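Here is a short note to read beside the model. Please keep the structure open while going through the points.

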Amino acid sequence: MKKYILDLTVRQAERISPKHVLLRLTDSQPLPEMVPGQFVEVRVDGSETTFLRRPISINFVDKEHNELWLLVATIGDGTRRLGALRPGDTVNCVLPLGNGFTMSQSAEERILLVGGGVGVAPLLYMGAEMRKMGIEPTFLLGARTKADLLEQDLFRLYGRVFVTTEDGSEGEKGFVTNHSVLKKEHFDRIATCGPKPMMVAVARYAHQADVDCEASLENMMACGLGACLCCVEKTTKGNLCVCKEGPVFNVKQLLWQI
């Protein structure tokens, strides 16, 4: 898939939690084709401490309004600078990068999308694209507290939503792999993104249930093009760059202890 370097305009910057900002970016020309699971590398301007682009998952693509949505967790100097952007500001992006999730072609397939924290971001676009194909996904979203849950209302537009919080402030108390839906229902395929311990636990569940599973890795990245070798992951096929060969991998390729 062809890559582009574009100066996109911030149409809207919405703070959806104390830690998270949703950026809606647009362009004067139609945005390039993007698939669920891909990401963009965003240049951070005006920061004396941020020298590298920041990799941000594609949260959603609104083709009707020609918008690219990026869900930014403001946890460092670079992302805080991105979180401070305002409508009309310009953001330089390299996109689309990486490989996406495997999309089902059968409306009969039962798909479970599991996300934790800001890792829920790519699952919204995936769910929306699945719904276009007549497939209703099931979302299982986890967070530390109710305040950390993101975009629940948007997820409910495209499928069933189940929630866990570690403190029990919303949904079932515990981790995503403890949710009762996993005991009550069978799924044909799982896609997951979030903190590595969560994804390893999901991969373990998938292995025990004999369900195919893909994970979107969040290794530290720099170039986003496979040149700097910053994001290398050990796999059954050798050391692979997550930014180029991933970020989505079948968990059977990963050398995780499951």
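**Notes on the model**

1. Pro-96 sits in strand S6 (residues 90–97). The peptide bond leading from Leu-95 to Pro-96 is cis, with omega near -15°. Helices (H or I, at least four residues) and strands (E, at least two) are DSSP runs, numbered from the N terminus.

2. This is a predicted model, where local features need pLDDT of at least 70, side-chain atom pairs count only at pLDDT 80 or more, and totals for chains, interfaces and linings use all residues. Residues are numbered from 1 along each chain as its sequence is written, and side-chain values use heavy atoms, leaving out hydrogens and water.

3. Pro-247 is in the loop between helix H6 (242–245) and S15.

4. Seven strands make an open sheet of mixed pairing, ordered S10-S9-S8-S7-S11-S12-S15. Strands S10 (172–173) and S15 (248–250) are the edges, each pairing on one side only. Two strands pair if DSSP finds at least two bridges between them.

5. Strands S7 (residues 111–116) and S11 (residues 189–193) run parallel, joined by five bridges. Leu-112 stands opposite Ile-190 in S11.

6. Helix H2 (residues 121–132) lies across S7, strand S8 (138–143) and S11, at about 160° to S7. Helix H5 (residues 196–209) also packs on the sheet; it touches S7, S11 and strand S12 (212–216), and its direction makes about 170° with that of S11. Contact means heavy atoms within 4.5 Å. Axes are lines fitted to C-alpha atoms, for helices over the stretch in contact, and angles run from 0 to 180 degrees between N-to-C directions.

7. Which residues of the lining divide into nonpolar, polar and charged, and how many of each? The lining of the largest pocket has 20 nonpolar, 17 polar and seven charged residues. Here Ala, Val, Leu, Ile, Met, Phe, Trp, Tyr, Cys and Pro count as nonpolar, Asp, Glu, Lys and Arg as charged, and the others, Gly among them, as polar.

8. Glu-151 has a positive phi of about 60° although it is not a glycine. Glu-151 is in the loop between S8 and helix H3 (152–155).
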